[in-house]
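Open your viewer and keep the selection tool ready. The stops below go chain by chain, then to the place where the chains meet.

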Amino acid sequence: MLHTANWKARHSQRVHVLNVDLEGLAVLADRCSAVAGELEATAAPACGPSSHAAATAIQALQNAVDIAGCAMAARLRGTSDMLFEAGAAFAGNEAESARRVNALTPAHCA
Amino acid sequence: MVHTSPVTVPIAMLPTITAIENWDTANLTTTANHWILTAITWERAFTEISERMPNPGGAPWEGIAASAAERRTYADRLKVIGVADELHSAAAVARKGANELASARQRALSAVADAGQRGSQSPMIFPCPAVFL
């Protein structure tokens, strides 16, 4: 009992709660990609025949909006990639852990 | 009392009557509406992803990677909301400008009509929102 308590105390800072739903990560990764596509699809209204200074100012701001939208879409795609990679890494780690555990031979059985 | 000085604007830079008549402020309003929709789309997109991150697919995701992902998407959300706020402000300016231009246009055309009735030939000077000059 004391031994168990000591072990917990020694490892408490290294023990973390781990709870992963790999399918959920893939679902959210797909959603991130879809939302990124939605951001990229927001088309600006065509500028009318007006040639006033307002039209120039509007176009300049619209260009900035387009750039910002592209950057946001890229960021969401990055998040999507991160989720896919995390899912793959968790799955790989789980498989490797299972392989190692299965390879163990209990000493008292040898 | 505000005085508009006609000598500060060269006559050659003033729009013609035809230009005033054809001055379409709908572009400004359309653009303002587009910016508002864009800002809302940005906010919703990043808010959704940030809020779903702790439970992707419905089940909780816990651990160091989960915390990092939450921090990342929450920071993204805050940043995007800031940019979206700026876009909302720009849209408000555009809408205000459209209203002011439409009002100025109406005043100018009314003045032209009045002058026409009086047979005046004097040049028409009308105030225009400074931000659009």
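In what order do the elements of chain B run from the N terminus on? They run α-α-α.

**Before you select anything**

This is a predicted model, in which local features need pLDDT of at least 70, side-chain atom pairs count only at pLDDT 80 or more, and totals for chains, interfaces and linings use all residues. Residues are numbered from 1 along each chain as its sequence is written, while chains are lettered from A and ligands numbered from 1 in the order in which they are written.

**Stop 1: chain B, coloured by confidence**

Select chain B. Color it by pLDDT, the predictor's confidence in each residue, from 0 to 100. The mean for chain B is 85, and 80% of its residues reach 70 or more. Go to helix α1 (residues 17-21) of chain B: confidence in chain B is lowest there, at a mean of 84. Then move to α2(B), where confidence is highest, at 95. For the complex, the predictor gives an ipTM of 0.78 and a pTM of 0.76.

Chain B has three helices and zero strands. Both kinds of element are DSSP runs, numbered from the N terminus: helices are H or I with at least four residues, strands are E with at least two.

**Stop 2: the helix pair of chain B**

Select residues 26-52 of chain B, helix α2, and residues 64-118 of chain B, helix α3. They pack at an angle of about 165 degrees, with their axes 8 Å apart. Axes here are lines fitted to C-alpha atoms, for helices over the stretch in contact, and angles run from 0 to 180 degrees between N-to-C directions. α2(B) and α3(B) are therefore roughly antiparallel to each other. Over 145 degrees counts as roughly antiparallel, under 35 as roughly parallel, 65 to 115 as roughly perpendicular and the rest as oblique.

Now show the side chains of this contact. Its residues divide into 18 nonpolar, eight polar and four charged. Nonpolar covers Ala, Val, Leu, Ile, Met, Phe, Trp, Tyr, Cys and Pro; charged covers Asp, Glu, Lys and Arg; the others, Gly among them, are polar.

**Stop 3: one residue of α3(B)**

Click B:Ala108, in helix α3 of chain B. Is B:Ala108 buried or exposed? B:Ala108 counts as buried because it has 21 C-beta neighbours inside 10 Å. The cut-offs: buried is 20 or more other C-beta atoms within 10 Å, exposed is 12 or fewer, and partly exposed lies in between, with C-beta atoms placed from the backbone. Of the 133 residues of chain B, 23% count as buried.

Next, draw a C-alpha to C-alpha distance from B:Ala108 to B:Ile64. The two are 44 residues apart in sequence and 66 Å apart in space.

**Stop 4: chain A**

Select chain A. It has three helices and zero strands. Buried residues make up 20% of its 110 residues.

Pick helix α2 (residues 22-40) of chain A and helix α3 (residues 53-103) of chain A. Their packing angle is about 165 degrees, and their axes are 8 Å apart. α2(A) and α3(A) are therefore roughly antiparallel to each other. Their contact has 18 nonpolar, five polar and two charged residues.

**Stop 5: where the chains meet**

Show both chains. 34 residues of chain B are in contact with 35 residues of chain A; contact puts the two C-beta atoms, placed from the backbone, within 7 Å. On the chain B side, α2 and α3 each supply at least two residues. The largest share, 13 residues, comes from α2(B). By class, the chain B side divides into 18 nonpolar, 11 polar and five charged residues.
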